[in-house]
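Let's take a walk through a protein model together. Keep the picture in view as you read.

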Amino acid sequence: HWSIEPQPPRRIRTGLCWRSVRVTSRKIMLLGEIGVGKTSLVNRLVHGRFRTDYMPTINVEIYTYNLPETDDRPAVTLLIWDTDGNFGQTIFSSVYLKNASAAIIVGDSTRPATLKAMAGLTTGWREARAGRPLSLLLNKSDLLPDADTPELPEELRAETTEPLFKTSAKTGENVDVAFHATADAILRRGL
């Protein structure tokens, strides 16, 4: 059973002494079309590796990632729900969104149709979970010429105030940064 309530204090060793810390968990939805690299991104984050054998996600897979306490934030466990790319807009009427604190929407930098789908998912998230943080990831940046950014659909260029990250699950570029920034946005909003 997954809980998003604060967990009982855990005792951790810091230097020569033990102290209790309260760890909370927050649910992040990972959304995007099939083949954009959602599973590869979460594997890079959680396991620090890139796998070349492609296995599509069926329905949803849940990963945990622990962010340690810092001066700016408490310790937090991210419950990352890696969703099947076939959901499309139907994800917003499913039970999977229950208790979601944020979404990370992923597009493939080399496939313009997936960027168009990002725009639709962004609109759907804003309507279904108004006020919840959202980050946009342009994945597979390693396949683009240096400093090249793909053309974003008009819907994303005109309305988007969400953070946009160029990422590569293969090289690890900006993967940690994007997930950490999303976690920080959740905590800043008190979610």
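We begin with the sheet, move to the helices, and end with a few individual residues.

This is a predicted model, in which local features need pLDDT of at least 70 and side-chain atom pairs count only at pLDDT 80 or more, while totals for chains, interfaces and linings use all residues. Residues are numbered from 1 along each chain as its sequence is written, and side-chain values use heavy atoms, leaving out hydrogens and water.

Strands of a sheet pair through backbone hydrogen bonds, either parallel or antiparallel. Here, six strands form an open sheet with mixed pairing, in the order 4-5-3-6-7-8. (Strands are DSSP runs of E, at least two residues, and helices are runs of H or I, at least four, numbered from the N terminus; two strands pair if DSSP finds at least two bridges between them.) Strand 4 (60-67) and strand 8 are the edges, each pairing on one side only. From one strand to the next, the twist averages 25° (axes are lines fitted to C-alpha atoms, for helices over the stretch in contact, with angles from 0 to 180 degrees between N-to-C directions). Strand 7 (residues 134-139) runs parallel to strand 8, joined by three bridges.

Now find helix 1 (residues 38-47): this helix lies across strands including strand 4, running at about 30° to strand 4. Helix 4 lies across strands including strand 6, at about 150° to strand 6. Contact here means heavy atoms within 4.5 Å.

Finally, most residues other than glycine have a negative phi. N99, however, has a positive phi near 65°, and N174 has one near 60°.
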